[in-house]
Amino acid sequence: KQWYQRRVAITAGVFADVAKETNNQKLNLINPAKFTRSREGYSDGASLSLHKTIPARLFIDSEDHLDLLSSAYTIEIKDEKLLDSKHTTIELKESLKDIKVLGKREIKNIIKWREKILKDEGPEEKVDEDVEMEEEEEDEETKIEHQIVELQTAEKAIKRQKRKKYRLRLCVDTTA
């Protein structure tokens with residue numbers, strides 16, 4: 001067989017080029033010059049409406065804010081606290097209306113805005129939620145620990161009873 005016939009026969013060789021191309025499909029917002037275009041059509045998760053709008057609160061609270069920012073077309077500010085914030089400027093509001101046309105400077109401004117909002121809100125809200133969740137987890141953990149201790153003591157009692165019966169049998173057998 002020719003070398004190309006063997007390569008086609010091996011499925012890894014056939015699909016190797018496709019796997020290399022699909023790795024770099026995410027939009028790189030900070031360094032747009034390094035972005036390589038994917039000409040394979042829409043992504044698998046594409047909805048019927050390609051214009052994706054996300055709420056500002058979701059963007060601010062999420063851990064993967066850069067992924068949300070790269071996939072969204074607009075960010076809507078519905079929260080009054082965010083609208084009235086000293087960090088929410090008119091320029092920022094206009095930038096959030098169409099993210100896909102923004103440059104590097106505007107993207108960095110949006111990221112800095114998110115960080116300032118998080119800093120202003122402080123860890124108080126998150127700490128309260130975390131404390132409540134930790135207390136619930138501790139309550140559940142203590143209940144589980146108590147159940148484990150009860151089961152262990154019951155198991156020890158059963159073992160003691162078995163040993164006692166065994167010793168009584170030995171005494172009866174030796175005397176008989």
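Reader: Leaving aside neighbours within four places in sequence, with which residues is T88 in contact?

Author: This is a predicted model, in which local features need pLDDT of at least 70 and side-chain atom pairs count only at pLDDT 80 or more, whereas totals for chains, interfaces and linings use all residues. Residues are numbered from 1 along each chain as its sequence is written, and side-chain values use heavy atoms, with hydrogens and water left out. Contact means heavy atoms within 4.5 Å. On that basis, T88 is in contact with I77, L82, L83, K93, W113 and I117.

Reader: Where does T88 lie, and is T88 buried or exposed?

Author: T88 belongs to the loop between α5 (80-84) and α6 (90-97); helices (H or I, at least four residues) and strands (E, at least two) are DSSP runs, numbered from the N terminus. Buried means under 20% relative accessible area, exposed over 50%, and partly exposed in between, with a 1.4 Å probe and protein chains only. Because its relative accessibility is 9%, T88 counts as buried.

Reader: What is the length of the polar contact that joins the side chains of T88 and W113?

Author: A polar contact is a pair of N or O atoms within 3.5 Å; within protein, one must be able to donate a hydrogen and the other to accept it, and residues adjacent in sequence count only if both atoms are side-chain atoms. Between the side chains of T88 and W113, the value is 3.0 Å.

Reader: Why do the buried residues of α6 line one face of the helix, and which exposed residues does the face turned away carry?

Author: The buried residues in α6 are L92, S95 and L96. Seen down the helix axis, they fall within an arc of 100 degrees, so they line one face of α6; the arc is that of the directions from the helix axis to the C-beta atoms. Their cover includes β2 (74-76) and α7. The face turned away from the buried side carries I90 and K97.
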